[in-house]
Amino acid sequence: MTNLPAPAQLSTLKREITTLTERLAPVRADAIVRSLGVMQSAGMSLPQGIDAQKFDVIYSYALDGVPTCGLNIATQKLIKGDYAGKRKSAKTIITTRKESAR
């Protein structure tokens with residue numbers, strides 16, 4: 001329990017709820033464009049089948065309902081090469097390739 005008076009506790013709780021609500025809100029088109037721009041700056045390119053003039057519409061449709069924080073985390077992981085939540089070492093990749101070649 002905190003030693004804060006009840007009004008201060010309520011104010012803190014309201015701020016935390018507001019912050020969480022913003023993070024979990026569906027991603028907006030401008031955030032999608034910003035995310036794709038960051039990924040392109042990092043050297044990634046759009047798939048060949050996607051029209052560069054319509055990528056914002058296509059990705060907005062694909063990411064409909066995704067929370068803002070989810071897009072931010074996914075963008076960071078894609079840039080870092082951390083697709084599955086954990087990075088694979090070179091040894092793991094080589095072992096996996098040897099096993100699949102059998």
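Buried means under 20% relative accessible area (1.4 Å probe, protein chains only).

The model is predicted: local features need pLDDT of at least 70, side-chain atom pairs count only at pLDDT 80 or more, and totals for chains, interfaces and linings use all residues. Residues are numbered from 1 along each chain as its sequence is written, and side-chain values use heavy atoms, without hydrogens and water.

Helices are DSSP runs of H or I, at least four residues, numbered from the N terminus.

Next, pick Phe55. Beyond its neighbours within four places in sequence, Phe55 is in contact with Leu36, Leu46 and Ile50. Contact means heavy atoms within 4.5 Å.

Move to H4, residues 68–80. Cys69, Leu71 and Thr75 are buried there. Seen down the axis, the buried residues of H4 fall within an arc of 165°, so they line one face of the helix. The arc is taken from the directions from the helix axis to the C-beta atoms.

Finally, show the H2–H4 contact. Ala31, Ile32, Ser35, Val38 and Met39 of H2 meet Leu71, Thr75, Leu78 and Ile79 of H4. Step just past H4 to finish: Gly81 has a positive phi of about 80°.

Note on methods:
Helices (H or I, at least four residues) and strands (E, at least two) are DSSP runs, numbered from the N terminus. The expected span of a helix is 1.5 Å times one less than its number of residues. Buried means under 20% relative accessible area, exposed over 50%, partly exposed in between (1.4 Å probe, protein chains only).
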